[in-house]
Structure formats: structure tokens, C-alpha cells
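Thanks for coming, everyone. Please look at the sequence and the structure as I bring them up.

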Amino acid sequence: MAKLITCLLFLTILFSFIFLTMSKEAEYHPEKYGSGSLKSFQCGGECTRRCSNTKYHKPCMFFCQKCCAKCLCVPPGTYGNKQVCPCYNNWKTQQGGPKCP
């Protein structure tokens, strides 16, 4: 019985350690973002992630890839967070609205 309790305690500690390690890797790291943080071949995957939650997927992908090609940056998440990519954030349409999704 003592071996079973020891084994369960060890497994609990092990899974806790693994969970904490994985959650640290998933945190937002500002050094991974910003103008020039991507290579041009990475734009497709990053724009797929950025546009994954929109119902306007096709135009989102078009403009995201256009912005990524110019800025070499795509903000984290599916919405907002544009402040980490100044070029992406500051590129405006002729009417003054945001060009990049």
C-alpha cells in the first residue's frame, strides 16, 4: 500500500512539472514578435493562425499575407495585440482604417 501511495505521489509531481513546463513555453514572448521577426516563408502559417477565428477567412488571409510580406511580422493571437508589430499596426488604408487584420 505504501508503494502505491508513493507511486501516485511521484506521478502527481511528475505531471505537475510537465504541465508547468508546457504552460511556460506557451506564454507570450515579446522578443519573438516585432518587425523583421519572421522570414517570408513563415507568413502563410502565421496568417493561418491569425485568421483562424474569423468568418472572413479569405480577405483576412489576403491582407495578412500582404502585411506580413511588407513587415515580416504577424501579431500573436487571432485579434488585437498589434502594438507588438508597429509596421503591421501603423499601415493604414486610404480612408485611415487599419490595413492589416
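**A buried cysteine and its helix**

Start with cysteine 68: its relative accessible area is 0%, so cysteine 68 is buried. Buried means under 20% relative accessible area, exposed means over 50%, and partly exposed is in between, with a 1.4 Å probe and protein chains only.

A word on the source. This is a predicted model: local features need pLDDT of at least 70, side-chain atom pairs count only at pLDDT 80 or more, and totals for chains, interfaces and linings use all residues. Residues are numbered from 1 along each chain as its sequence is written, and side-chain values use heavy atoms, with hydrogens and water left out.

Back to cysteine 68. Which helix holds it? Cysteine 68 lies in helix H3. Helices here are DSSP runs of H or I with at least four residues, strands are runs of E with at least two, and both are numbered from the N terminus.

What does cysteine 68 touch? Leaving out residues up to four places away in sequence, cysteine 68 touches Leu38, Cys43, Cys47, Cys73 and Val74. Contact means heavy atoms within 4.5 Å. Lysine 39 is 29 residues from cysteine 68 in sequence, and the two are 9.2 Å apart in space, C-alpha to C-alpha.

Now the whole helix. H3 covers residues 57-71, and its 15 residues should span 21 Å at 1.5 Å a residue; the end C-alpha atoms are 20 Å apart, which agrees. The expected span is 1.5 Å times one less than the number of residues.

Which residues of H3 are buried? They are Cys60, Met61, Cys64, Cys67, Cys68 and Cys71. These residues sit on the same side of H3, because they cover an arc of only 140 degrees around the axis. The arc is taken from the directions from the helix axis to the C-beta atoms. Here is the general rule: an α-helix has 3.6 residues a turn, so residues three or four places apart point the same way.

What covers that buried side? The cover includes helix H2 (43-50) and helix H4 (86-90). Turn to the face of H3 that points away from the buried side. That face carries the exposed residues Lys58, Phe62 and Ala69.

**After the helix**

Step just past H3. There leucine 72 takes a positive phi of about 55 degrees, although leucine 72 is not a glycine. In general, most residues other than glycine have a negative phi. Leucine 72 is in the loop between H3 and H4. Its relative accessibility is 26%, so leucine 72 counts as partly exposed.

Asparagine 81 is in the loop between H3 and H4 as well. Asparagine 81 is not a glycine, yet has a positive phi of about 60 degrees. With a relative accessible area of 33%, asparagine 81 is partly exposed.

**The start, and the whole**

Go to the other end of the sequence. Methionine 1 is in the segment before helix H1 (2-25). Methionine 1 counts as exposed, because its relative accessibility is 75%.

From the N terminus on, the order is α-α-α-α. The protein has 101 residues, and 21% of them count as buried. Take the contacts between residues at least 6 apart in sequence: 55% of them join residues at least 24 apart.
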